[in-house]
Amino acid sequence: MRIFSMHKYSYVALALCFFSFILWVIYQANTGQQTVFFQLVAAIPYGDKLGHFCLFGLLTLLVNFSLNFKTLRLGFTQLYLGSVLVSTFVIVEELSQFFIPNRTLDPLDLLADFVGILTFSLLSVYFQKSLEE
């Protein structure tokens, strides 16, 4: 698949840029600032949950590509290292909202994050197999 044959460092750069964007969005939310992105999300039904799904799902896919689909074995299960790293970040970030006055800890946001991570991890399996062919 030609589209996925970018140089490894291109994936790393793309993942870092996307992660930086997510950090910027988190900063904006933590400080109570309004952006066009928040207005767009508010205008779409379930936009917040869809945003969580897409942001952290896509980050998962990019990090998995960046790490060349490296896996970890946990018991009988193999997990992508990128998926584990994004999951860890998501847990810390979502739970930190309990301590930030401008934020609300929402279990459904965490669920949307993990559904995105799981979905894009499954896409990672597909892309990894496609690249190996």
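Let me begin with a term: two residues are in contact when they have heavy atoms within 4.5 Å. The model shown here is a predicted one. Among contacts in the chain between residues at least 6 apart in sequence, 63% join residues at least 24 apart.

I turn to the overall architecture. The chain contains five helices and two strands, and the order from the N terminus is α-α-α-β-β-α-α. The C-alpha atoms occupy a box of roughly 50 × 35 × 25 Å along the principal axes. The radius of gyration is 16 Å, which agrees with the value near 14 Å that a compact globule of 133 residues would have. Of the 133 residues, 35% are buried. The accessible surface is about 8,500 Å², and carbon and sulfur atoms account for 71% of that surface.

Next, the interior. In soluble globular proteins, nonpolar side chains tend to be buried together. Here, the largest nonpolar core has 11 residues, among them F18, I22, F56, L59, V86, V90 and I117. Helices α1 (8–30), α3 and α4 each contribute at least two residues to this core. Which residues does I117 contact, leaving aside its neighbours within four places in sequence? They are F56, G57, T60, S83, V86, S87 and V90. There is also a second, separate core of seven residues, including Y11, L61, F69 and Y80.

I now come to the charged side chains. How many salt bridges does the structure hold? There are four.

One of the salt bridges joins D48 and K49, with the closest N and O atoms 3.0 Å apart. D48 counts as partly exposed, because its relative accessibility is 33%. K49 is likewise classed as partly exposed, at 23% relative accessibility. K49 also forms a salt bridge with D106, at 2.8 Å from N to O. This second pair links distant parts of the chain: K49 belongs to helix α3 (residues 47–66), whereas D106 is in the loop between α4 (81–96) and α5 (107–132), 57 residues away.

A further salt bridge connects R103 and E93, at 3.6 Å from N to O. R103 lies in the loop between α4 and α5 and E93 in helix α4, so the pair ties together parts that are 10 residues apart in sequence. Both R103 and E93 are buried. Finally, salt bridges with shared partners join D48, K49, D106 and D109 into one network.

Thank you for your attention.

Note on methods: Residues numbered from 1 in each chain as written. Predicted model: local features only at pLDDT ≥ 70, side-chain atom pairs only at ≥ 80, totals over all residues. Heavy atoms only, no water. Buried < 20%, exposed > 50% of the residue type's maximum accessible area, 1.4 Å probe, protein only. Helix = DSSP H or I, 4+ residues; strand = E, 2+ residues; numbered from the N terminus. Core = buried A, V, L, I, M, F, W, Y, C linked by side-chain atoms within 4.5 Å. Rg over C-alpha atoms; globule rule 2.2 N^0.38 Å. Areas by Shrake-Rupley, 256 points an atom, 1.4 Å probe, with all protein chains shown as cover.
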